[in-house]
Amino acid sequence: MCIVGVVSTSDVLLALLVGGPSHGYDLKRCHDTWFDQAKPLAFGQVYATLARLERDGLVAIAHTEAGSGPERTIYELTPGGRERVDAWIGTPAEPAPPGADELIRKTVAAIRLGLDPAGFVARQRAAHLRRMHALADVAPSDLMASLVREHAIAHLDADLRWLAAAAEQLSAGADDVARTATRAGLTPGSSS
Amino acid sequence: MSEHIDDHRPPPIGPRTAAGDTVLTVTGVQHAYRRTVALRGVDLTVAAGEVVAVSGPSGCGKSTLLHVASGLLVAQAGQVSLLGHDLTRLDADRRARLRRREVGIVLQFGQLVPELTARDNVALPLLLDGAEPAGAGRLAEEWLARCGADDVAGAVPPEMSGGQAQRVAVARALVTGPRLVFADEPTGSLDSMGGKQLLTLLLDAVREGGASLVLVTHDNTVAAKADREVRLVDGVVTSHTVLR
């Protein structure tokens with residue numbers, strides 16, 4: 001399961017280059033090590049992003065290496081690229097926008113369609129709790145793994161609190177839920 | 001089903017219920033405080049060696065369920081079978097003896113005897129059960145050390161921090177080698193790190209001893225540590241979730 005959410009590939013690649021010049025293959029491996037619970041970077045995405053960063057003057061080609069395989073292009077940060085890294089770390093991340101989460105979409109859709117939203121909320125609660133249980137069982141290997149785990153647990157906890165509140169509101173407003181589905185004309189069997 | 005509790009049995013040493021046996025069965029329990037209904041027909045079973053979290057929002061009836069299941073409170077309707085004893089057929093004295101010998105209870109604020117030292121608080125259930133004082137004191141010190149509270153062995157509760165008092169309360173609950181432990185928001189009065197440490201201590205001790213644990217909590221991160229979660233809302237069980 002992906003724990004680290006969507007991050008800017010450009011900014012992450014620039015940050016990885018702070019340690020020194022590197023080529024696409026090593027940058028991808030380093031990314032996957034740093035963020036071992038995130039979705040691994042695709043090679044195509046790495047090379048396309050590096051080309052864009054070079055075009056924008058944030059990285060430059062240091063040299064190329066010829067080996068037994070294809071020639072490797074070694075990239076390095078430009079002063080502008082380094083400024084961009086400092087600005088990236090120095091700027092708070094944008095809090096996730098409300099309403100875009102799959103959890104919200106499914107709940108809203110279940111209410112609008114009259115497809116047992118309370119059942120969905122209960123199943124989701126069980127899935128979240130099991131995920132939290134699995135995370136609690138694994139001892140983090142180091143500080144960074146611990147921080148990533150705590151972030152995941154805190155987000156699951158926030159979702160679980162929301163699911164509890166949703167269950168309560170759905171129970172209190174069961175009639176409204178039924179009316180919403182009927183008004184929308186989307187209750188199964190109500191369409192012409 | 002046994003109704004007899006021997007007055008002179010030595011304190012239990014280890015688990016005596018085969019894995020898979022049921023140590024607690026709550027059936028159709030109802031309870032109200034005047035007009036406020038706390039439990040509306042609750043069923044709950046706990047197997048030997050199982051850790052069950054009873055979760056739910058404040059006022060959902062989870063603490064009442066713990067009090068009824070442990071015999072601290074007599075249900076107004078329904079049945080409770082605790083370690084083979086029908087609690088509805090035991091008088092207060094026999095329920096107390098059953099709790100003292102077979103059950104450990106940890107409440108949110110420790111509920112230690114304020115005049116007694118930590119050592120004497122932990123030794124108390126053994127002494128009440130007729131244990132020899134020197135042996136009870138040694139066992140109390142062993143459990144205080146195991147719970148990381150040996151540094152306050154000679155202190156009385158008003159001289160302890162909340163975390164220290166809770167560690168002493170856990171030692172007192174475990175010193176008799178209980179087959180079933182009830183814990184009501186055991187980390188509720190502690191900070192995040194202290195709460196995690198205490199919960200780990202409690203879970204490790206219970207699992208190592210093969211005992212069962214009923215853990216009442218409103219905290220999702222605490223409930224997630226259990227083998228199974230029972231969710232209570234408005235005095236009714238709304239879900240059972242197997243976590244392990």
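**Entry 1. Helix α4 of chain B**

The expected span of a helix is taken as 1.5 Å times one less than its number of residues. I applied this rule to a predicted model, beginning with helix α4 of chain B, residues 133-146. Its 14 residues should span 20 Å, and I found the end C-alpha atoms 20 Å apart, so the expectation and the model agree.

I next looked up which residues of α4(B) are buried, and they are B:A136, B:A140, B:W143 and B:L144. These residues lie on the same side of α4(B), because they cover an arc of only 105° around the axis. I then asked what covers the buried residues of α4(B). The cover includes α3 (118-128) and α5 (162-174) of chain B. After α4(B) comes B:G148, and I noted a positive phi for this glycine, near 70°.

**Entry 2. Chain B as a whole**

I recorded 7 helices and 10 strands in chain B. For the overall dimensions, I compared the radius of gyration with the value for a compact globule. A globule of 244 residues would have a radius near 18 Å; chain B has 17 Å, which agrees. Along the principal axes, the C-alpha trace of chain B spans about 45 × 45 × 35 Å.

I also looked up burial and found that 48% of the 244 residues of chain B count as buried. For contacts, I considered pairs in chain B at least 6 residues apart in sequence. Of these contacts, 70% join residues at least 24 apart.

**Entry 3. An open sheet in chain B**

I traced a sheet of 4 strands in chain B, and its order is β2-β1-β4-β5. The sheet is open and its pairing is antiparallel. Which strands form its edges? They are β2 (36-47) and β5 (85-86) of chain B, each of which pairs on one side only.

Strand β4 of chain B, residues 77-82, pairs with β5(B) in the antiparallel sense over 2 bridges. I looked up B:S81 and found that its bridge partner in β5(B) is B:D86.

Most residues other than glycine have a negative phi. B:R34 sits in the loop between β1 (22-33) and β2 of chain B. Is B:R34 buried or exposed? B:R34 is exposed, because 5 other C-beta atoms lie within 10 Å and a residue with 12 or fewer counts as exposed.

I noted B:D234 as well; this residue is not a glycine and has a positive phi of about 50°. B:D234 is placed in the loop between β9 (228-233) and β10 (236-242) of chain B. With 16 other C-beta atoms within 10 Å, B:D234 is partly exposed.

**Entry 4. Chain A**

I turned to the domain assignment of chain A, which gives domain 1 (9-90) and domain 2 (102-183). The C-alpha centres of these domains of chain A lie 37 Å apart.

I then located A:P70 in the loop between β2 (59-65) and β3 (72-77) of chain A. A:P70 has 8 other C-beta atoms within 10 Å and is therefore exposed. Finally, I looked up A:P70 together with A:L143, which are 73 residues apart along the chain. Their C-alpha atoms are separated by 37 Å.

Technical notes. Residues are numbered from 1 along each chain as its sequence is written. Chains are lettered from A and ligands numbered from 1 in the order in which they are written. This is a predicted model: local features need pLDDT of at least 70, side-chain atom pairs count only at pLDDT 80 or more; totals for chains, interfaces and linings use all residues. Domain bounds come from an automatic or database domain assignment. Two strands pair if DSSP finds at least two bridges between them. A residue is buried if 20 or more other C-beta atoms lie within 10 Å of its own, exposed if 12 or fewer, and partly exposed in between; C-beta atoms are placed from the backbone. The arc is that of the directions from the helix axis to the C-beta atoms. Two residues are in contact if their C-beta atoms, placed from the backbone, lie within 7 Å. The radius of gyration is taken over C-alpha atoms; the globule rule is 2.2 Å times the number of residues to the power 0.38.
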